[in-house]
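The following paragraphs go through the charged and aromatic side chains of the structure shown here. They begin with a surface patch and then turn to pairs of residues.

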Amino acid sequence: MERRYLVGRAFCEEGVKEFNVEYYVVERSDLYSIELIKEEGSSYGNDMVSETETSYPISGSRNCVEKLARTLMYNRVTPVEMYECLDDLYESWYE
């Protein structure tokens with residue numbers, strides 16, 4: 001069974017584009033990962049574009065993964081950038 005917990009949302013700007021990113025902690029069989037959903041465009045109608053990326057299982061500690069998700073949220077990391085940022089964080093923790 002999969003459970004998804006919303007950590008928060010961030011409003012982002014990239015040039016002239018504006019979009020929202022939602023940050024989730026996802027629980028799957030006692031392991032937690034991070035999921036980012038980028039939504040761009042109007043929430044009404046057919047012009048909304050959504051982009052989703054889910055990380056590999058990170059830890060068995062929800063608290064640890066939630067802190068990571070908050071760090072990504074405060075830095076307004078998008079789904080495309082998530083893996084690179086997680087790799088950088090991993091390297092800084094285990095050097």
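This is a predicted model: local features need pLDDT of at least 70, side-chain atom pairs count only at pLDDT 80 or more; totals for chains, interfaces and linings use all residues.

The patch lies on the surface and brings together Glu14, Glu81, Glu84, Asp87, Asp88 and Glu91. One of these, Glu14, belongs to strand S1, which runs over residues 2-14.

Arg28 and Glu2 form a salt bridge, with 2.5 Å between their closest N and O atoms. Because Arg28 is in strand S2 (residues 17-28) and Glu2 is in strand S1, this pair ties together parts 26 residues apart in sequence. In total, the model has seven salt bridges, counting a side-chain nitrogen of Lys or Arg within 4 Å of a carboxyl oxygen of Asp or Glu.

Arginine side chains also meet aromatic rings. Arg62 lies over the face of Tyr5, 3.7 Å from the ring centre. Arg4 places its charged end over the ring of Tyr24, at 6.0 Å from the centre of that ring.

What is the count of aromatic pairs? The count is one aromatic pair, where ring centres must lie within 6.5 Å.

Methods:
Residues are numbered from 1 along each chain as its sequence is written. Side-chain values use heavy atoms; hydrogens and water are left out. Rings of Phe, Tyr and Trp (its six-membered ring) pair if their centres lie within 6.5 Å; planes under 30 degrees apart count as stacked, over 60 as edge-to-face and the rest as tilted. A charge sits over a ring if NZ of Lys or CZ of Arg is within 6 Å of the ring centre and within 35 degrees of the ring normal. Patches are made of residues with over 30% relative accessible area and no salt bridge: like charges are joined within 9 Å, nonpolar side chains (Val, Leu, Ile, Met, Phe, Trp, Tyr) within 5 Å. Accessible areas come from the Shrake-Rupley method with a 1.4 Å probe; for residues, only the protein chains shown count as cover. Lys and Arg count as positive and Asp and Glu as negative; His and the chain ends are not counted. The place of a charge is taken as NZ of Lys, CZ of Arg, CG of Asp or CD of Glu. Helices (H or I, at least four residues) and strands (E, at least two) are DSSP runs, numbered from the N terminus.
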